[in-house]
Amino acid sequence: MKTVYAFLADGLEEVECLMVVDLLRRAKLNVVTVSIKEELMVESSHKVKFFADKTIDEIDFEQGDCIFLPGGMPGTTNLSECGTLKDHIIKYNEQGKWLAAICAAPSIFSSLGILKMECKEYGGGVVRDGNIITGKGLGVALELGLELISCLIDEETSGKIADQIQYN
């Protein structure tokens, strides 16, 4: 079973995160929500409090197949200040492992030199380029989750999940 690490920081956009996590878990992927802080509790940009499964110090990055970054402010800024996370994003990219981000969070990939922020020319709300998947914002969180399922499992499973949630 493939493992996705979904990274959480104070100020994240909760729906961007939880929509993707929900879809991936419906597909039976091993999704681990990870707080970049020393504590599990994270507060979203809209003051919703929830608990991550683990802290960043408790996970083994080598066991992961995908890093997912939700957007939101100041969540994206907080994620971008986490050196451990940035180091592993670079390693995942070098290994061809999946990297996914939505809304403001793709700017982290850009700041690391692994993504050119010229998405206007691609069109569409979700863009996949090699091992990197980005979504333009909250309105495409569902599509991003389904695209991740297609990449990590297959299109058939993604289609089944879409049918189950009445998306199609």
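Mentor: Let us begin with a definition: two residues are in contact when they have heavy atoms within 4.5 Å of each other. Please also keep in mind that this is a predicted model.

Trainee: With that in mind, which residues is L24 in contact with, leaving aside its neighbours within four places in sequence?
Mentor: L24 is in contact with V4, L29, V31, G145, L148 and I149.

Trainee: Which residues have the most contacts inside the largest nonpolar core?
Mentor: They are L24, F68 and L148, in a core of 32 residues.

Trainee: Which elements give two or more residues to this core?
Mentor: On the strand side, they are strand 1 (3-8), strand 6 (66-69) and strand 7 (98-102). The helices are helix 1 (14-26), helix 5 (141-152) and helix 6 (155-164).

Trainee: And which element gives the most?
Mentor: Helix 5 does, with 8 residues. Apart from this core lies another one, of 24 residues, which includes V34, L99, I108 and I132.

Trainee: Let us turn to the helices. How does one describe a packed pair?
Mentor: Two packed helices are described by the angle between their axes and the distance between those axes.

Trainee: What are the values for helix 1 and helix 5?
Mentor: Their axes are 8 Å apart, and the angle is about 35°. The crossing of helix 1 and helix 5 is right-handed.

Trainee: Which residues meet there?
Mentor: Helix 1 brings E16, M19, V20, L23 and L24. In helix 5 they meet A141, L142, L144, G145, L146, L148 and I149. By class, this contact has 10 nonpolar, 1 polar and 1 charged residues.

Trainee: What about helix 5 and helix 6, at what angle do they pack?
Mentor: Helix 5 and helix 6 pack at about 150°, and their axes are 7 Å apart. Helix 5 passes helix 6 in a right-handed crossing. L146, I149 and S150 in helix 5 meet E155, T157, S158, I161 and A162 in helix 6. The classes here are 4 nonpolar, 3 polar and 1 charged residues.

Trainee: You mentioned S158. Is it buried or exposed?
Mentor: S158 has a relative accessibility of 7%, so it counts as buried; the cut-off for buried is under 20%. Leaving aside its neighbours within four places in sequence, S158 is in contact with L146, I149 and S150.

Trainee: A change of topic: how many salt bridges does the structure hold?
Mentor: The structure holds 7 salt bridges. One of them joins R25 and D53, whose closest N and O atoms are 2.7 Å apart.

Trainee: Where do R25 and D53 lie?
Mentor: R25 lies in helix 1, and D53 is in the loop between strand 4 (49-51) and strand 5 (54-55), so the pair ties together parts that are 28 residues apart in sequence. R25 is partly exposed at 37% relative accessibility, and D53 is partly exposed at 38%.

Trainee: Which residue forms a salt bridge with E147?
Mentor: E147 pairs with R128, the closest N and O atoms being 3.5 Å apart. E147 lies in helix 5 and R128 in strand 8 (residues 126-129), so this pair ties together parts that are 19 residues apart in sequence. Both are partly exposed: E147 has a relative accessibility of 23%, and R128 has 48%.

Trainee: And K49, which residue does it pair with?
Mentor: K49 forms a salt bridge with E43, with the closest N and O atoms 3.7 Å apart. K49 is exposed at 53%, whereas E43 is partly exposed at 23%. There is also a network of salt bridges that links D10, K37 and E39.

Trainee: Last topic: what should I look for in the backbone?
Mentor: Most residues other than glycine have a negative phi, and most peptide bonds are trans. In this model, the peptide bond from M73 to P74 is cis, with omega near 10°. P74 is in the loop between strand 6 and helix 2 (75-80).

Trainee: What is the phi of K28?
Mentor: K28 has a positive phi of about 70°, although it is not a glycine. K28 is placed in the loop between helix 1 and strand 2 (30-35), and it is exposed, with a relative accessible area of 62%.

Trainee: And what is the phi of K47?
Mentor: The phi of K47 is near 70°, a positive value in a residue other than glycine. K47 lies in the loop between strand 3 (41-43) and strand 4 and counts as exposed at 60% relative accessibility.

Definitions and conventions:
Residues numbered from 1 in each chain as written. Predicted model: local features only at pLDDT ≥ 70, side-chain atom pairs only at ≥ 80, totals over all residues. Heavy atoms only, no water. Core = buried A, V, L, I, M, F, W, Y, C linked by side-chain atoms within 4.5 Å. Buried < 20%, exposed > 50% of the residue type's maximum accessible area, 1.4 Å probe, protein only. Helix = DSSP H or I, 4+ residues; strand = E, 2+ residues; numbered from the N terminus. Axes fitted to C-alpha atoms, helices over the stretch in contact; angles between N-to-C directions. Left-handed = near helix turned anticlockwise from the far one by under 90°. Nonpolar A, V, L, I, M, F, W, Y, C, P; charged D, E, K, R; others polar. Salt bridge = Lys/Arg side-chain N within 4 Å of Asp/Glu carboxyl O.
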